[in-house]
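I opened the coordinates to look up helix packing, salt bridges and surface patches. My notes follow in the order of the look-ups.

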Amino acid sequence: MSKTDSASTRAKGSPLLLVLFAVALVPTFLVGYAVGAGSASVVGGFVALFSLLAFLGGPLRPDLRLAAALSPLLLFAAIVPRLLGEVSRPAAIAVIVVIVFVAALLPVRGPRFVTVGLGLGMVTLFAYGMALLGPVGPWQVVVAAVTGVVIAVLLRVLLGISDPSKATRAKIADVLDAEVPDLDAAFDTWLADGRRRWLGAALGAASRYRLALRSAEAIQRAGRAELDEALASARTRAEGLAERIRAKKPAPEASAEQAASGTRLLSDASAALDAVERAVDERDTSRVPLADRHHRLREAVLQPSVRLRSIQVRHAVRTAFGLLLALVLTSYLPPGDPLVATALMTTFGILQASWRATLSKARPRVIGLLAGAALSAVIVLVVPTPYLPVVAGVALLIGLWNMMARPTYAYTFMVVVTVGFNTSLRHTDPVHTLVEYALLTLAAATIGVVIGFAVVPGLRPEPLQRRIVTARVETAGALRALTEPGSATSPETVALNRAAARARAELTPDREQLDDDQLAELDRYRAALNDLSTLGTTAALTAPEHLSAALDVLDDRTPPAPARPDSDEAPEGLEPVLTGLANQVRTTEENLLAALPAPKR
């Protein structure tokens, strides 16, 4: 996600990275030295940090299942490339490229796997490139890596044991009050976390509330100013219920008297909030049974499959190629060069799925490099060498504090960290270190922004305009297949749903240069399609007749209906909500196709 410079300067720093840094590295260092890992404990500490990054993100039980499956791969990535590099550097480079390719592909399994891929890639590159202060044996590397992964698992247990389902409740509460709710992620998390009945009921009612609220807001924007008070009241009540869902043991809430809604849509929203409140009050923790065939179908809807021309595969190929170039480049550096890990991780961090996102990652690094070089030069001239570790330590705290909110500011101080620690602890020449750091950072930016997108043209996706139409057509075809008697869970229907999910996942700009308004419109289109798919699948499995009107709109059999601000009434039930979503999809599609630049030939 890119942020403008003005937004980043207004953002506040966060101690989150500092806390993770401390709780992961310090115990791993202590345990590592105690069990004989020696200076390899530094590797173990960062293996713990990046493994914890991969293990965090969901409810405790699913995260621990993920940790059990991922730990052998993390250990392989932390141990094998480093030890293999001492025997055959080309073989080590080949193994790293394969691991990085896998890491870049993992997000295709869903949003939860974004941090998994990030953690796996960083473990691999840091463990391989980290220069240690003293000699270590192969078994010390193994012991350090195992210690790091074990510490990460223990920390994940400690961080979640007091409230294992906190993440599930948070994602479901977000459906009620988040500006852009992620219904797919909430449903996926609920499935993975035991399918508690009260949370499922709350999620279903929350989705009905958001759909009714969205339709009422459309009427309000068309000129119904008298709805302002009722909409504000509904949002306030939803925020209160969201906080009760997030709470582990919510206090009972007195029923508030509801204002007259003025439209049937707001009555539907109020009824949905009533259902959320009943679910929160009852807190039925029994499990909702889910037939295996339905589970496979929902996985097809939520998780797209991989194909050669997909954006994620292209990103994985580009990332592997970029890291191959960076590995070959750093192989010419002297053995034990402390900036190898920095160059590799900078390249990995810059490379993103789209050119726009890649540029947004490279920009703060380059600006931070220029500012940090000037600051480092002043510090080296003014501060005596014995005090450089203290200055570097303070710069590290400032950098970590601002890394997520103000990356340009953070990377400025990370230059000071690199120059200060290497000058004082490794006795390197500060000018040489600064010049090498600058050259490697610029090389990483060039690989990410220029070379990576120039060398992988064969995997370019279709123009965005075609992908927009394809996503709508594929989603309509998948939903229509669900309504056929007896075919809801057939292999053909599952394949259609996977194709539709893949098409929606590819609604990301690639070569196209979109302005902020066009990006916002594309986000609305993607969200509406995802909501329609999720809600339509539920309707197809329970009451397929509710889908017919919506599918006629999606299939071009019925033109999108214009807004009717003069109508106070809306039919009851799921059908009008689905039809409203389908109308929104078609209208947004027409706006996008009219506004987007013509595809390049």
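In which helix is Arg237 found? I find Arg237 in helix H11, which covers residues 228–246. I note for the record that this is a predicted model.

**Entry: Arg237**

I checked the accessibility of Arg237 next. Its relative accessibility is 14%, and the limit for buried is under 20%, so I list Arg237 as buried. I also looked up a C-alpha separation for this residue: Arg237 and Leu176 are 61 residues apart along the chain, and their C-alpha atoms are separated by 9.6 Å.

**Entry: helix pairs**

Helix H8 spans residues 166–177 and helix H9 spans residues 183–192. Their axes are 9 Å apart, and the packing angle is about 150°. Angles over 145 degrees count as roughly antiparallel, so H8 is roughly antiparallel to H9. I recorded the crossing of H8 and H9 as left-handed.

I then took H5 (residues 89–105) and H6 (residues 113–129). The axes of H5 and H6 come within 8 Å and cross at roughly 165°. H5 and H6 are therefore roughly antiparallel to each other. The crossing of H5 and H6 is left-handed.

**Entry: salt bridges**

How many salt bridges does the count come to? I get 16 salt bridges.

I looked at Asp163 and Arg169, which form a salt bridge with the closest N and O atoms 2.6 Å apart. Asp163 and Arg169 are both buried.

Arg472 and Glu589 meet through their side chains in a salt bridge, 2.9 Å from N to O.

Is Asp523 buried or partly exposed? The relative accessible area of Asp523 is 42%, so I list Asp523 as partly exposed.

I also found a network of salt bridges that links Asp174, Asp177, Glu243 and Arg246.

**Entry: surface patch**

Which residues make the nonpolar surface patch of about 340 Å²? I list Val26, Leu30, Val31 and Val35. Val26 lies in helix H2, residues 16–34. With a relative accessible area of 46%, Val26 is partly exposed.

How values were computed. Residues are numbered from 1 along each chain as its sequence is written. This is a predicted model: local features need pLDDT of at least 70, side-chain atom pairs count only at pLDDT 80 or more; totals for chains, interfaces and linings use all residues. Side-chain values use heavy atoms; hydrogens and water are left out. Patches are made of residues with over 30% relative accessible area and no salt bridge: like charges are joined within 9 Å, nonpolar side chains (Val, Leu, Ile, Met, Phe, Trp, Tyr) within 5 Å. Accessible areas come from the Shrake-Rupley method with a 1.4 Å probe; for residues, only the protein chains shown count as cover. A salt bridge is a side-chain nitrogen of Lys or Arg within 4 Å of a carboxyl oxygen of Asp or Glu. Helices (H or I, at least four residues) and strands (E, at least two) are DSSP runs, numbered from the N terminus. Buried means under 20% relative accessible area, exposed over 50%, partly exposed in between (1.4 Å probe, protein chains only). Axes are lines fitted to C-alpha atoms, for helices over the stretch in contact, and angles run from 0 to 180 degrees between N-to-C directions. Angles under 35 degrees count as roughly parallel, over 145 as roughly antiparallel, 65 to 115 as roughly perpendicular and the rest as oblique. A crossing is left-handed if the near helix is turned anticlockwise from the far one by less than a right angle, and right-handed if clockwise.
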